[in-house]
Structure formats: structure tokens, C-alpha cells
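Take a look at the protein below. Then work through the questions one at a time.

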Amino acid sequence: MGIELDDTPQFQQYAHPEKFVSAAWLSARLGVPGLKVVESDEDAFLYDIGHIPGAVRIDWKRDLNDPLVRDFIDGEAFAELMRSRGINRDDTVVVYGDSSNWWAAYTAWVFELFGHPDVRLLDGGRDAWMGEERDTSFVVPDYPRSDYPVVQRQDAPFRAFASELLERTPAQLIDARPAPFYLGEDPNPGPSSAPSLRQGHIPGAVNVPWGRSVFPNARFRSLEDIEAIYADFDKDAETVVYCQLGESSSHTWYVLKHILGFSNVALYDGSWAEWGNMVRMPVAKGDNPDNAAD
């Protein structure tokens, strides 16, 4: 670890307290060598109207996705992205963003696919920082290029694919979308999500909306509250989470993995945007997770 850990008492109760920082901790360490701050938003233009001083922007759509293949960038492209942002392999990277850290968690998850040793999430994200009226800046930092090495992406064990879910349903399949989307009652997933030709959920999935784990100010609820939300799930069982486009379920993945300590949890990032548009995929509707129909 390049930078000392945040000793906030709430984080110390988590399975992986080293994965979280508070706004107060980050504010006191801005500019410290070896610390890089990354903003990753649903609305990429928010960075331009004020961001944490010294933060660089990573656009989840433009920077993390291959321009041709529906997949993430490869090791060479990720290394170039890190070099262009001045991020070194041994830097502590703190990620934050809007929408209760949806895309920040998504970006942090991609960092983990590339095995970056020290990546952390700012509790509350942009909402917490702005809510506390902490310093912001319009200056886009120009860091010297780094020599970030090429590290090949390792999808397993943190990533799941539609073909795997067709072959067998994991012991625990969690749909992190709001209930109307899970039930197949709302055809409009939101402005940032791809539309789907079919509505409903993957057969066998249980609905646990991502937002239950956070307060309205985007900060995480207490460990006791979060444990109660997922009390019916086995922390050691194979678990896969999904949502509409992988954004809010990456937040759930972060909760399960790093707060509750689930040992075998993967994100199906294709999510409903893929499943609901594929030909002849089984779809379930209503509140029975096994009520499948073609």
C-alpha cells in the first residue's frame, strides 16, 4: 500500500477497509506523492464544472471500452490510459463520481480486473464532496507520463458472461435494478442505459436494488444495515450480480466483495442491456424468480 489507510471506524468493520476512504481523509492528503484521484461520472461533463483538485477524468464509455469490440480495453490500451493520466502501478488510486458512485465503482472494478494493487472508493463520491462544500477546481492537471506496465486483463473470477449463465445458474443470482425493471413493468431504464426489446429478469434472479445499501447522500449505510439486507445470502456461495448496463451492479459487487466479504462474487457487466436484446434468451417476469418464458 502506497498511502496509509483511512482509519474511519465504520470502515474498520468492513471485510476490506483498505478499499474505502472518506472525504475528510482524502481532503487532508491531496497532492501527496503516490496518490492519484480519478473522477468517473455518468454525466462526463460534471468534471468540467468543478472537480476535486488534482483529479483526472476517466470516461467509463470512451476510455474503458474497446472502440470496436463490445468489451473492455486490453492490457496495452489500459497501460496507455494510465500513462496518459500520470498514474503509476504503485500509486494509490482513489475513484469517485456522481450517481452514488455507480460509474466510480464500475471504474474501480475495471482497475481490479487489471490487478492494480491499491484502488479505493471515496465513500459518498461526488455527492459527499460537494455536500460538504470542499474545495473544487476547474484546472485539468497535466501530470508527467508514467511508465505503467502492460498487464493483461484477468476477467476471472470477477466477471461473468451470458454464455456461462445459460449453461448453469449460479447459486445466487442478484438483480440490482429497481423493482419495476426486475418485474418487467417499466420499459424505460433511464437516459444512460441501452434500451431492451424484452423486459423482466434472468430466471432464478432475486431482486435486491442497489440503493438499499446507501443513504440519500450516497454514503454507505452501517455494516449492520447492509448485513441485514443480504442476510439470506451465503457469503461463500457462487454469486453473480447484474443490472441494466453493469453500472449499479458494480456498486453492489463492491458492497458484497469489500464490505461483506463475499468470497466468490462476479459481475455480469453485459447485464439486461445484453440479455434483454439477445434472441431466444429465457426471460422471467413478475415476482417469482423462476417464472421463465421465451
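The questions below go from the domains to one helix and then to one residue.

This is a predicted model, in which local features need pLDDT of at least 70 and side-chain atom pairs count only at pLDDT 80 or more, while totals for chains, interfaces and linings use all residues. Residues are numbered from 1 along each chain as its sequence is written, and side-chain values use heavy atoms, with hydrogens and water left out.

Q: How far apart do the C-alpha centres of domain 1 and domain 2 lie?
A: The chain is divided into domain 1 (11–132) and domain 2 (159–276). These bounds come from an automatic or database domain assignment. The distance between the two C-alpha centres is 21 Å.

Q: What area do domain 1 and domain 2 bury between them?
A: Buried area is the accessible area (1.4 Å probe) that two parts lose on being put together, summed over both. Here 62% of it is on carbon and sulfur atoms. The total is about 2500 Å².

Q: Which residues of domain 1 lose the most area to domain 2?
A: Together they make up 26% of what that side buries. They are Tyr 14, Trp 102 and Trp 109.

Q: How many salt bridges are counted between domain 1 and domain 2?
A: A salt bridge is a side-chain nitrogen of Lys or Arg within 4 Å of a carboxyl oxygen of Asp or Glu. Between the two domains, the count is two.

Q: How many residues of H4 are buried?
A: Buried means under 20% relative accessible area, exposed over 50%, partly exposed in between (1.4 Å probe, protein chains only). H4 packs through its buried residues against several elements, including helix H3 (75–84) and helix H9 (247–259). The buried count for H4 is 12 of 12.

Q: Is Ser 249 buried or exposed?
A: Ser 249 is found in helix H9. Contact means heavy atoms within 4.5 Å. Leaving out residues up to four places away in sequence, Ser 249 touches Ala 176, Val 241, Tyr 242, Cys 243, Leu 267 and Ser 271. Its relative accessible area is 0%, so Ser 249 is buried.

Methods. Helix = DSSP H or I, 4+ residues; strand = E, 2+ residues; numbered from the N terminus.
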